Amino acid sequence: MATAPDRSTPAAPRRKTGRHRGEGQWAAGHFTPLNGNEQFKKDDDGLNVRTRIETIYSKRGFDSIDPNDLRGRMRWWGLYTQRKPGIDGGKTAILEPEELDDEYFMLRVRIDGGRLTTEQLRVIGEISQEFARGTADITDRQNIQYHWIRIEDMPEIWRRLEGVGLSTTEACGDTPRVILGSPVAGIAEDEIIDGTPAIDEIHRRIVGNPAFSNLPRKFKSAISGSPLLDVAHEINDIAFVGVRHPEHGPGFDLWVGGGLSTNPKIGQRLGAWVPLDEVADVFEGVISIFRDYGYRRLRTRARLKFLLADWGVEKFRRVLEDEYLLRRLVDGPAPEQPPQRWRDHVGVHRQQDGNYYVGFAPRVGRVDGTTLTKIADLAAGHGSGRLRTTAEQKMLVLDVAKDQVASLVAGLESLDLTVRPSPFRRGTMACTGIEFCKLAIVETKARGASLIDELERRIPDFDEPITININGCPNACARIQVADIGLKGQLVLDENGDQVEGFQVHLGGALGLEAGFGRKVRGLKVTSAELPDYVERVLKRFQAERADGERFAAWAARADEGALS
């Protein structure tokens with residue numbers, strides 16, 4: 001506690017402090033909403049908006065929607081207004097929300113653990129064709145994302161999704177978002193531990209529970225027992241990573257506080273080993289800390305990573321144990337270095353039971369409703385009816401008998417869903433971009449697809465793992481900071497001095513046990529038109545200058561700035 005000032009001497013000039021004394025932490029007794037988002041959440045739980053959608057908005061149309069529902073609470077059910085067509089990137093930060101809003105929505109279907117059946121995928125494809133103008137993207141969080149959704153159609157869409165066990169509950173908003181899971185959970189020959197039971201128990205306890213539906217910001221989570229570290233655990237608010245304890249056997253290493261956007265942080269280990277049957281308890285403890293102690297004053301500081309940075313690992317673990325779990329966690333080992341660079345499970349791989357799973361690569365996650373129904377038909381005809389999405393915008397068909405593999409691969413290839421993609425097809429990821437996103441400044445999906453084609457034509461002999469992540473704005477939905485080549489969309493000047501779409505370049509980012517953020521070369525920006533030339537030039541320099549076995553990230557860290565320009 002501060003002491004009273006000595007009035008016998010002149011008061012020293014008051015120093016400005018960087019933070020409001022309250023930060024809006026509920027655990028400190030600060031319940032008064034400190035911004036508009038906190039106010040509308042206090043006024044009404046976002047989960048309640050579904051009733052209004054079904055009984056009012058779907059009947060009266062877009063113009064009947066309350067603004068706090070439209071741009072706030074509807075996210076609790078996976079709905080965002082999409083960008084009005086024809087608005088260029090220069091207007092993104094200038095126009096008011098109502099000027100950017102189209103009367104159509106993006107709808108996100110949450111797929112916890114990436115698990116799908118052929119029946120579910122067929123319904124997803126049919127909804128795409130009937131209600132979303134054929135749109136469907138596989139996201140880097142294992143979800144499926146639609147566009148062109150009308151509010152009038154939402155009751156029927158929910159009826160169909162929920163009829164096959166799917167949901168949009170808390171797919172967006174200040175909520176516990178989809179739980180990433182290993183796409184090969186329960187089937188991979190090299191699996192350390194299957195996290196599926198923990199995902200199911202967390203979903204049962206947490207998702208749609210009003211006790212956890214008002215968080216300071218979004219809460220991202222991941223659970224995987226794969227040695228490939230295949231769920232980007234380093235950039236989630238909480239992650240459980242499969243490890244073998246020398247005394248207790250298989251379990252999970254606990255990570256907290258990861259996240260990207262404009263202030264990226266790599267998650268940190270708490271040094272705790274968690275057995276499978278305690279994962280849900282620990283998850284509930286960590287999300288409760290976030291709810292109670294998370295910062296609610298400024299949304300730019302409201303993610304868990306900021307609280308962890310202020311507290312440190314030791315205090316965070318102590319609060320988790322003393323105030324929430326009421327017991328000590330077991331100390332445990334760190335994960336081992338993954339045996340290979342690719343973490344997407346693309347290709348043909350043997351399962352524990354002697355069958356095979358087949359992973360394939362759409363172009364930058366973009367598919368469509370017709371293609372999804374055809375994938376469902378192929379999976380039903382060649383496997384057991386199980387599929388998985390990945391955290392790399394890919395998809396897997398499971399349980400394929402050996403004598404069915406070649407036929408399935410041929411069927412997928414006929415849909416331009418290659419099982420043997422080039423490094424460029426395999427490693428290029430793109431966010432939604434200006435086509436639909438109100439935050440975007442540049443186009444991404446088509447740009448990524450054309451870049452793949454150009455690089456395959458120009459550098460056909462390139463055979464190194466490479467990640468090229470394209471984002472339409474600074475928010476890093478496509479993980480630009482942790483890609484070999486990360487491209488952040490912005491407006492740049494071309495050779496004629498005209499303002500055009502382009503990218504700031506990040507080089508040498510990585511995930512894995514050598515996780516780190518890419519290097520920004522001073523002044524290095526490229527126009528969209530120049531992008532294929534630039535990437536070709538840098539990759540050819542890498543080929544020429546790399547040491548034996550050297551990864552692109554290591555080369556980019558040591559290379560002269562001239563070689564990166």
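Residues are numbered from 1 along each chain as its sequence is written, and side-chain values use heavy atoms, with hydrogens and water left out. Because the model is predicted, local features need pLDDT of at least 70 and side-chain atom pairs count only at pLDDT 80 or more, whereas totals for chains, interfaces and linings use all residues.

- The protein chain is divided into domain 1 (191-338), domain 2 (347-425) and domain 3 (427-563), with bounds that come from an automatic or database domain assignment.
- The centres of domain 1 and domain 3, taken over C-alpha atoms, are separated by 30 Å, and 14 residues of domain 1 are in contact with twelve residues of domain 3, where contact means heavy atoms within 4.5 Å.
- About 1100 Å² of area is buried between domain 1 and domain 3, and carbon and sulfur atoms give 70% of this area; buried area is the accessible area (1.4 Å probe) that two parts lose on being put together, summed over both.
- On the domain 1 side, Leu260, Ser261 and Ile266 lose the most area to domain 3, together 37% of what that side buries.
- Between domain 1 and domain 3 the count of salt bridges is zero, while two residue pairs, both at pLDDT 80 or more, are in polar contact across the interface.
- A polar contact is a pair of N or O atoms within 3.5 Å; within protein, one must be able to donate a hydrogen and the other to accept it, and residues adjacent in sequence count only if both atoms are side-chain atoms.

**Helix α1**

- Helix α1 spans residues 36-43; helices (H or I, at least four residues) and strands (E, at least two) are DSSP runs, numbered from the N terminus.
- Glu38, Phe40 and Lys41 of α1 are buried, where buried means under 20% relative accessible area, exposed over 50% and partly exposed in between (1.4 Å probe, protein chains only).
- These residues cover an arc of only 165° around the axis, which puts them on the same side of α1; the arc is that of the directions from the helix axis to the C-beta atoms.
- The face of α1 turned away from its buried side carries the exposed residues Gly36 and Lys42, and what covers the buried residues includes α3 (67-70).
- At the start of α1, a side-chain oxygen of Asn35 comes to within 3.0 Å of the backbone nitrogen of Asn37.

**Salt bridges**

- The count comes to 54 salt bridges, each defined as a side-chain nitrogen of Lys or Arg within 4 Å of a carboxyl oxygen of Asp or Glu.
- Glu284 and Arg205 meet through their side chains in a salt bridge (3.0 Å, N to O); Glu284 lies in helix α8 (residues 279-293) and Arg205 in helix α7 (residues 196-206), so the pair ties together parts that are 79 residues apart in sequence.
- Glu284 is partly exposed, with a relative accessible area of 29%, and Arg205 also counts as partly exposed, at 24% relative accessibility.
- Asp533 and Arg458 form a salt bridge (2.6 Å, N to O), a pair that links helix α15 (residues 531-545) with helix α14 (residues 445-458) across 75 residues of sequence.
- Glu536 and Arg458 form a salt bridge (2.8 Å, N to O), and Glu536 counts as buried, at 15% relative accessibility.
- Salt bridges that share partners join Glu454, Arg457, Arg458, Asp533, Glu536 and Lys540 into one network.
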